[in-house]
Amino acid sequence: MNPIDIIDKYYTPGTKLYNTLIQHSTCVRDRALYHASLHPELNIDIDFVAEAAMLHDIGVIYCHAPGIYCEGTQPYICHGVIGAELLRKEGFPIHALVCERHTGTGLTLEDIIKRDLPIPHQDFQPVSLEEQIICFADKFYSKARLQDEDSVEKVREKLRRHGGSVEKFDEWVKLFG
């Protein structure tokens, strides 16, 4: 499977949104693969990580986030669920799980209800090591600041502000760092 072929079905190559998605996803992919390479004992599926990391944000095209060139109508928090729907339609249900489980450090049903998020009321936490390592790698990069890589402490600050689990992130630092 070539993730760029799937991205090209939904995005116009050369547009600012396309370039933002590709650059962000490439950074996430490369970091996830780097951390996987540090831990051969974990037997992480490298090919899957490379594919799913490139596709984890495919749903942003339908969301409203003009600061990163997304001119859709859906709230940005919906991008994971939207991306999962797209990938299931394309025949990639396992890749779809990465889409819907990568927001923050994953969203619990309790988080979704408490914060009244406009996504299905279910658990969206990364389960497999591949899902976790992509979610972990994603925390270091913003689509609004493509050239910047956040430090571990900056990621912790952002998680505190936006409701992510610093404890889970710190577990990933120990596991994948």
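Gly106 is found in the loop between helix α5 and helix α6, the latter covering residues 109–114, where helices (H or I, at least four residues) and strands (E, at least two) are DSSP runs numbered from the N terminus. The model is predicted, so local features need pLDDT of at least 70 and side-chain atom pairs count only at pLDDT 80 or more, while totals for chains, interfaces and linings use all residues. Residues are numbered from 1 along each chain as its sequence is written, and side-chain values use heavy atoms, with hydrogens and water left out.

Is Gly106 buried or exposed? Gly106 counts as buried because its relative accessibility is 9%, and buried means under 20% relative accessible area, with exposed meaning over 50% and partly exposed in between (1.4 Å probe, protein chains only). If residues up to four places away in sequence are not counted, Gly106 touches Arg101, Asp111, Phe124, Gln125, Pro126 and Cys135, a contact being heavy atoms within 4.5 Å. From the C-alpha of Gly106 to that of Ala36 the gap in space is 20 Å, and the two residues are 70 apart in sequence.

With this starting point in place, we can turn to the chain around it. There are 9 helices and 2 strands in the chain, and from the N terminus on, the elements run α-α-α-β-β-α-α-α-α-α-α. The C-alpha trace spans about 40 × 35 × 30 Å along its principal axes. For 177 residues, a compact globule would have a radius of gyration near 16 Å, and the value of 15 Å for the chain agrees with this; the radius is taken over C-alpha atoms, and the globule rule is 2.2 Å times the number of residues to the power 0.38. Of the 177 residues, 50% are buried, and among contacts between residues at least 6 apart in sequence, 60% join residues at least 24 apart.

Helix α5, on one side of the loop that holds Gly106, is mostly covered, with 7 of its 9 residues buried. Those buried residues are His95, Ala96, Leu97, Val98, Cys99, Glu100 and Arg101, and what covers them includes α3, α4 and α7. Arg101 is also one of the residues that Gly106 touches.

How many cavities of 30 Å³ or more does a search of the whole structure find? The search finds 1 cavity of that kind, and about 40 Å³ of space lies in the largest cavity. On a 1 Å grid over the protein atoms alone, a cavity is a set of points where a 1.4 Å probe fits but cannot get out, whereas a pocket is an open set with protein on both sides within 12 Å along at least five of seven lines; lining residues have an atom within 4 Å of a point. Grid points are joined across faces, edges and corners, and a volume is the space filled by probe spheres set on the points.

The lining of the largest cavity consists of Ile77, Gly80, Val81, Cys99, Glu100, Thr103, Leu107, Ile119 and Phe124. Helices α4 (79–89) and α5 (93–101) each supply at least two residues of that lining. Cys99 and Glu100 in the lining are also among the buried residues of α5, and Phe124, another lining residue, is one of the residues that Gly106 touches.

The largest pocket has a volume of about 750 Å³. Of the 29 residues that line this pocket, Tyr76, Thr103, Gly104, Lys139 and His162 are the closest to its centre. Helix α8 (residues 152–162) gives the most to the lining of the largest pocket, with 6 residues, and the whole pocket lining divides into 9 nonpolar, 11 polar and 9 charged residues.

Two further loops hold residues with a particular backbone angle. Asn43, in the loop between α2 (16–37) and α3 (46–55), has a phi near 50 degrees, a positive value in a residue other than glycine, and Asn43 is exposed, with a relative accessible area of 66%. Asp116 lies in the loop between α6 and α7 (129–138); its phi is likewise near 50 degrees and positive, and Asp116 is exposed at 63% relative accessible area.

Helix α2 contains Cys27, which counts as partly exposed because its relative accessibility is 23%. Cys27 and Arg115 are 88 residues apart in sequence, and their C-alpha atoms are 29 Å apart in space.

Note on methods: Nonpolar A, V, L, I, M, F, W, Y, C, P; charged D, E, K, R; others polar.
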